[in-house]
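The following exercises concern a set of annotated residues and the confidence of a model.

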Amino acid sequence: MEPILENNRKWVDKQRAADPQFFERLADGQKPRYLFIGCSDSRVPASAITGTGPGEMFVHRNIANMVVHTDFNLLSVLQYAVEVLGVQDIMVVGHYGCGGVAAAATNKQYGLIDGWLTNIRDVIRVHETEFLRIKDEEQRLRRLVELNVIEQVRNLAKTNIIQNAWKTANPPRLHGLVYDIKEGLLKDLEVEGAQLTELAHIYSTEIAAHAEKVLEEQVGQEVTENRPSLLPSKEAAREEKKAEKSEEKQLNKVS
Ligand SMILES: [Zn+2]
């Protein structure tokens, strides 16, 4: 760990020399503009390739930059970034030469990760015609990396977090990017417009009607401001106790 600690001390000195208030300012809180969802691959350092510094980008990374709807880690990051931090741009960043994507393109088992890779195999299934048409294996995998990013951006759009954000005045924009490790360049796949809305008739959702409205429709009752609460009020509870006691007294008299 010594090299890491040494690097850290040098970095602190450098930052302080350039900006004496750097750490004090960051300690006040964060208001990042971006959310980065990328691969855990060590060759894809989120801050370095985007030129962002501390405080500018909220980051979530997993194998093959997946947006899985049962992944509470990703969903928690997304909800916090959108609803609390108010990020303006969310980017799913894949990369050519992704080991996770390559593993998913084989028919081998890899152990625990197989379930995770199934999500990428689902991308192959959806795009099988295009995928199989590409004869060169490297080109096929490169395209799969892109298709995977496009599908993960679509997966973002399917979440109730983004669906609800779209109904606000300033929803975050969604982006799909691919990083080329060989060149160091990011490519914008321009996943937008129709690509995100073409399946809206299936995936678009609205926040459920107020519970009272559901009750009204199902039971056919008119819900008024003064309707009795399902939970007894304090007075109602007191009245009920009184009634119970007088009932007890009556019973005692009888016996
Ligand atoms: Zn990767």
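**Exercise 1.** Determine which residues UniProt lists for "binding site" and how they lie in space.

*Solution.* The unreviewed UniProt entry lists Cys39, Asp41, His95 and Cys98 under "binding site". These residues are spread over 60 residues of sequence, yet they cluster in space in this predicted model, with a largest C-alpha distance of 8.9 Å.

**Exercise 2.** Locate His95, decide whether it is buried or exposed, and name its contacts.

*Solution.* Step 1: His95 belongs to strand β3, which covers residues 89-95. Step 2: a residue is buried if 20 or more other C-beta atoms lie within 10 Å of its own. His95 has 23 C-beta neighbours inside 10 Å and therefore counts as buried. Step 3: leaving out residues up to four places away in sequence, His95 touches Cys39, Asp41, Val44, Val145, Val178, Tyr179 and Ile181.

**Exercise 3.** Repeat the analysis for Cys98.

*Solution.* Step 1: Cys98 sits in the loop between β3 and α5 (99-104). Step 2: Cys98 counts as buried because it has 27 C-beta neighbours inside 10 Å. Step 3: beyond four places in sequence, the contacts of Cys98 are Cys39, Asp41, Ala64 and Val145.

**Exercise 4.** State what the pLDDT values are for the chain and where pLDDT stays under 50.

*Solution.* Step 1: the average pLDDT of the chain is 89, and 85% of the residues score at least 70. Step 2: pLDDT stays under 50 over residues 227-232, for which the model has two contacts beyond four places in sequence. Step 3: where pLDDT is low, the predicted coordinates should not be read in detail.

Note on methods: Residues are numbered from 1 along each chain as its sequence is written. This is a predicted model: local features need pLDDT of at least 70, side-chain atom pairs count only at pLDDT 80 or more; totals for chains, interfaces and linings use all residues. UniProt positions are given in the numbering used here, feature names are shortened, and annotations may be inferred rather than shown by experiment. Helices (H or I, at least four residues) and strands (E, at least two) are DSSP runs, numbered from the N terminus. A residue is buried if 20 or more other C-beta atoms lie within 10 Å of its own, exposed if 12 or fewer, and partly exposed in between; C-beta atoms are placed from the backbone. Two residues are in contact if their C-beta atoms, placed from the backbone, lie within 7 Å. pLDDT is the predictor's confidence in each residue, from 0 to 100.
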